[in-house]
Amino acid sequence: MPVAVLLDNVRSLYNVGAFFRTADAAGLRRLYLCGITGCPPHRGISKTALGAEKSVPWECAADSLQVLRTLRSAGYEIAAVETSNTSVDLFDWKPAFPVCLIFGNEIEGIRFEVANCADTHVRIPMLGVKHSLNVSTAGGVVIYELLRKYLNLVAVHRNTKNRERAEFCSPAAEIVMNARPTFK
């Protein structure tokens, strides 16, 4: 899936490990571990990643802004997952793939200068008393909504162009698109 995730100053190694698991499951292109975010090898990451840190492409970088500039020049839409005055609802968002999602610190959120670089701010609708989720839980929600949107886009592209395989369809998306449910 043409999606990367940038973790900006995520302090919990367990959250980092959970992002590795989700990135592997959804077939993300790359994880960027920036600022104080921990990097493999580390026992805390391995405990929740369960080996996904070996299968997911990742990069450790001190400067989130430099990574975002590089991704923008490569054509990525930069999306900060954060509630702000300009945030669009996750379910209304029409992403322009490829996309880089930014997730921030568990307490402080995304740093102002990093959030300011985003093309889009995306919020997860909250219906309860609390107005936030754990960062790795939020990551799972947003990544799987993007996977749903991407697979729908691939299917529409395939149907409208009458092609056997969409040009931008990854092998993982092809498997998902051709999968047949099994019943036991």
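## Reading a predicted model

Modeller: Let us start with the link of cysteine 39 and cysteine 60, which is right-handed, with 75 degrees about the S-S bond. The model is a predicted one, in which local features need pLDDT of at least 70 and side-chain atom pairs count only at pLDDT 80 or more, whereas totals for chains, interfaces and linings use all residues. Residues are numbered from 1 along each chain as its sequence is written, and side-chain values use heavy atoms, with hydrogens and water left out.

Biologist: How far apart are the sulfur atoms of cysteine 39 and cysteine 60, and which parts does the pair tie together?

Modeller: A disulfide is taken to be a pair of cysteine sulfur atoms within 2.5 Å; here the sulfur atoms of cysteine 39 and cysteine 60 are 2.4 Å apart, and the count by this rule comes to one disulfide. Cysteine 39 lies in the loop between strand 2 and helix 2 (43-49), while cysteine 60 belongs to strand 3, so the pair ties together parts that are 21 residues apart in sequence. Helices (H or I, at least four residues) and strands (E, at least two) are DSSP runs numbered from the N terminus.

Biologist: Is cysteine 39 buried or exposed, and what of cysteine 60?

Modeller: Buried means under 20% relative accessible area and exposed over 50%, with partly exposed in between, using a 1.4 Å probe and protein chains only. Cysteine 39 is buried, with a relative accessible area of 19%, whereas cysteine 60, at 45%, is partly exposed. Cysteine 34 is in no disulfide, and the nearest cysteine sulfur, that of cysteine 60, is 7.5 Å away from it; cysteine 34 counts as buried, at 0% relative accessibility.

Biologist: How do the elements of the chain run from the N terminus on?

Modeller: The chain has seven helices and seven strands, and their order from the N terminus on is β-α-β-α-α-β-α-β-β-β-α-β-α-α. Of its 184 residues, 48% count as buried. With contact meaning heavy atoms within 4.5 Å, 72% of the contacts between residues at least 6 apart in sequence join residues at least 24 apart.

Biologist: Which residues of helix 4 are buried, and where around the axis are they?

Modeller: In helix 4 (residues 64-73), the buried residues include Ser64, Leu65, Val67, Leu68 and Leu71. They cover an arc of only 160 degrees around the axis, so they are on the same side of helix 4; the arc is that of the directions from the helix axis to the C-beta atoms. Among what covers them are strand 1 (3-8), strand 2 (30-34), strand 3 (58-61), strand 4 (77-81), strand 6 (99-103) and helix 5 (112-115). Just after helix 4, glycine 75 takes a positive phi of about 95 degrees.

Biologist: What does the side chain of serine 64 make a polar contact with?

Modeller: A polar contact is a pair of N or O atoms within 3.5 Å; within protein, one must be able to donate a hydrogen and the other to accept it, and residues adjacent in sequence count only if both atoms are side-chain atoms. The side chain of serine 64 makes such a contact, at 2.6 Å, with the side chain of aspartate 8. Serine 64 counts as buried, at 0% relative accessibility, and, leaving aside neighbours within four places in sequence, is in contact with Leu6, Asp8, Cys34, Arg111 and Val114. At the start of helix 4, a side-chain oxygen of aspartate 63 comes to within 3.0 Å of the backbone nitrogen of leucine 65.

Biologist: How many aromatic pairs does the structure hold?

Modeller: Rings of Phe, Tyr and Trp (its six-membered ring) pair if their centres lie within 6.5 Å; planes under 30 degrees apart count as stacked, over 60 as edge-to-face and the rest as tilted. The structure holds three aromatic pairs. Phenylalanine 19 and phenylalanine 103 have ring centres 5.1 Å apart and planes at 55 degrees, so this pair is tilted. The pair links phenylalanine 19 in helix 1 (residues 13-26) with phenylalanine 103 in strand 6, 84 residues apart, and both are buried. Phenylalanine 20 and tryptophan 58 form an edge-to-face pair, 6.4 Å centre to centre with 85 degrees between the planes, which links helix 1 and strand 3 across 38 residues. Phenylalanine 20 is buried, with a relative accessible area of 0%, whereas tryptophan 58 is partly exposed, at 29%.

Biologist: What is the mean pLDDT of the chain, and where does pLDDT stay under 50?

Modeller: The pLDDT is the predictor's confidence in each residue, from 0 to 100; its mean over the chain is 90, and 87% of the residues reach 70 or more. It stays under 50 over residues 163-167, for which the model has twelve contacts beyond four places in sequence. Over residues 179-184 the pLDDT is also below 50, and this stretch has zero contacts in the model beyond near neighbours in sequence.
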